[in-house]
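The following report works through a few local features of the structure shown here, and then turns to how two of its chains are related.

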Amino acid sequence: MPENRPFVSLTTDFGAAYSGICVGVVYSIAPGANVLVLSDEVTPYAIKEGALLLRQALPYLPVGVHVGIVDPGVGTARQPVAVRTGRGDVLIGPDNGLLVPAAESLGGVAAAHRLENPAYRLPGVSTSFHGRDVFAPAAGHLAAGAGLAELGAATDLLPLELPAAVIRNGVLTVTVLYADQFGSLILSAGRPDIEAALGPIAHGTRLQISWTGVSVKVPFEETFGRVATGDPLVWLDSSGQVGLAVNQGSAARRFGLSAGDTLTLTIA
Amino acid sequence: MPENRPFVSLTTDFGAAYSGICVGVVYSIAPGANVLVLSDEVTPYAIKEGALLLRQALPYLPVGVHVGIVDPGVGTARQPVAVRTGRGDVLIGPDNGLLVPAAESLGGVAAAHRLENPAYRLPGVSTSFHGRDVFAPAAGHLAAGAGLAELGAATDLLPLELPAAVIRNGVLTVTVLYADQFGSLILSAGRPDIEAALGPIAHGTRLQISWTGVSVKVPFEETFGRVATGDPLVWLDSSGQVGLAVNQGSAARRFGLSAGDTLTLTIA
Amino acid sequence: MPENRPFVSLTTDFGAAYSGICVGVVYSIAPGANVLVLSDEVTPYAIKEGALLLRQALPYLPVGVHVGIVDPGVGTARQPVAVRTGRGDVLIGPDNGLLVPAAESLGGVAAAHRLENPAYRLPGVSTSFHGRDVFAPAAGHLAAGAGLAELGAATDLLPLELPAAVIRNGVLTVTVLYADQFGSLILSAGRPDIEAALGPIAHGTRLQISWTGVSVKVPFEETFGRVATGDPLVWLDSSGQVGLAVNQGSAARRFGLSAGDTLTLTIA
């Protein structure tokens, strides 16, 4: 199956319509491209959620041009950038940290350039829709063969501070990173963190999870089906993060938790 | 217009992001494929809703590889399967009944095989994201030319029990199958059921519809425009099912009904 | 990058599933087409919102066949139509005004024909899903090479009345056209209207905005970042309309306003 369509993906907090306009701009410039809207459903303005999605998703996509836009600073001095990764992708988006974890998951930052060249923007850039006027045109031109360095001057990327796990003897403190489509809560810890804090942990072990005034006992299980329908569990999600879920239900709704909330885990 | 891109569709309860990752996996394996996300909006865990959507939709799609994922049993003993239909499609998904009505609407099951071959899975299958690790890779490899029997052993499919109409003399008892995007309630009956219970029925006939403590009179009409804006009607939907709707409104919201509720219909 | 795939876009109030069925019908007829779902998230039955989206978006898409479906009159006497634009596109949808502003933004109406030819419909047209049975097949056949005049008789289009700005000396009265994905309220006025009513207006000028029993002071700014997070602003959106927004928040939620509400603006 010979295939040489350049691959472009788009991840935004725009919803369908504004994302669709961006895709239209890419096709207008690079009609032979294969464009995938990876997601148009990132929570509005949630840079960390977008960054974590890109980090988790892009390694599963073909090498290509990947646009990420969660951009509360649109129209301010923040820079639009393009980032070459070790794997050979180009990531495009605002220099607000959104692209950094994804770049690390794709072999690291090989080069970063500002999107300055007016030839690779639409004429008449608006103050509030750089997706259409700056990011999508850059993606289209790269897909159509433009070189990264033609876009603008080399630059350094601003970092992104993601919530980390706090490991103390017998206590793991974590932050809710985001709730997924099913209401499962993805936490700022992996198995190494949980074991560093709580010791080796077998499936079936009951954990005590506490937050402001609430404390629940939840088993650590390999898979949802190990608990009854409607029961909670702690498990390792498909990206290796510790998660708190409810089998066939929503942990976010059950426990009233969302991104940024802090939990402590101990052995029950 | 010569065209030989293999066609792949995807229907999930994942929302955009996780569905997008699955599409990325398909393109990574079969870059020449034409991939359509038929829906990423199936109600989470609602196997019957997903099954009815696939049955209704797939006959209108090109012959191809169609992935359906509504999979509350992911990570348990339920089998992932691929199903050859009489029309020539391959349906891919969990063996929980999801694919059965669609296979029947596409000429029946010609063959079914388990997805066992590790060469057609991603390395390191997770316990909670078989869409990415098992189903999408199988779809990609089939689109890229793999044979159905290479995937694993032949198997039989588990059935799906869909709610049926109960026909008594002068009384039709039905279940709400699902509410569509407009809030129209699709019921477990077709015109033959309604006529078997209530006799030949002309447009304009008023029906009495009753459920727990509530009873409303609603006309049977050919089309929404036959009733005033905001008024309810019973009609035959585009897949031939009896439906309860509100012209330019939401019957689900108006009547507080949802999937699984039971209604009785009589002549008013 | 040679490319001769005919481009088709689809904009509906259908949600994902019914839109996906329409895309499937297009691909079944025109397998070589490149089909983009511009949006499946138009507010149900909101003709004006759909019309404004099409007017704003289509100039950024490649020349092609663009299907728009917001069709509360489906199944009544309203006509399905195809409209050739000055730019060379064909717009397809119901003759309820939905397509008119977009046609004007694409060089005007060059020709309009009814979709009457049964050869370009699916056999057995339903009363409630003309997207699948009438509009998508017409788009597919046009993409596959059919001529506009083959579809049916030439016709005139019904107009669409959009809310306008009312300009009095020192007072601008506007209607909320729609709320975008972020909850920003797009108003029925452009910069010329605001200046005709209020005189030349500099960034930083404070406006008094009033509606039923409420009055707030909001600055007119070039960009969101000019006000603190959570503060409101009036700005010119990316399509040149006056908008009322909250930096990193939702003006629709903050002020309880939605499409159709009327506001007055004066200098504070």
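In what sense do strand 10 and strand 14 of chain B pair, and over how many bridges? Strand 10 (residues 206-211) of chain B pairs with strand 14 of chain B in the antiparallel sense, over four bridges, where strands are DSSP runs of E of at least two residues and helices are DSSP runs of H or I of at least four residues, numbered from the N terminus, and where two strands pair if DSSP finds at least two bridges between them.

This is a predicted model, in which local features need pLDDT of at least 70 and side-chain atom pairs count only at pLDDT 80 or more, whereas totals for chains, interfaces and linings use all residues. Residues are numbered from 1 along each chain as its sequence is written, chains are lettered from A and ligands numbered from 1 in the order in which they are written, and side-chain values use heavy atoms, with hydrogens and water left out.

Strand 14 (residues 262-267) of chain B is also joined by four bridges to strand 8 (residues 171-179) of chain B, and these two run antiparallel. One bridge pair from each pairing is given below.

| Residue | Bridge partner in strand 14 of chain B |
|---|---|
| Val174(B) | Leu263(B) |
| Gln208(B) | Thr266(B) |

In chain C, helix 5 (residues 191-198) has Ile194(C), Ala197(C) and Leu198(C) buried. These residues cover an arc of only 80° around the axis, which puts them on the same side of helix 5 of chain C; the arc is that of the directions from the helix axis to the C-beta atoms. On the other side of this helix, Pro192(C) and Ala196(C) are exposed (buried means under 20% relative accessible area and exposed over 50%, with a 1.4 Å probe and protein chains only). The buried residues pack against several strands of chain C, among them strand 8 (171-179) and strand 14 (262-267), and just after the helix Gly199(C) takes a positive phi of about 85°.

Asp180(C) lies in the loop between strand 8 and strand 9 of chain C, and at 13% relative accessibility Asp180(C) counts as buried. The side chains of Asp180(C) and Tyr18(A) are joined by a polar contact of 3.4 Å.

As for the copies, chain B can be laid on chain C with an RMSD of 0.0 Å by a turn of 120° and a shift of 0.0 Å along the axis. The two copies are thus related as by a three-fold rotation axis.

Methods. Contact = heavy atoms within 4.5 Å. Least-squares fit on C-alpha atoms with pLDDT ≥ 70 in both. Polar contact = N/O pair within 3.5 Å; in protein donor to acceptor, adjacent residues only side chain to side chain.
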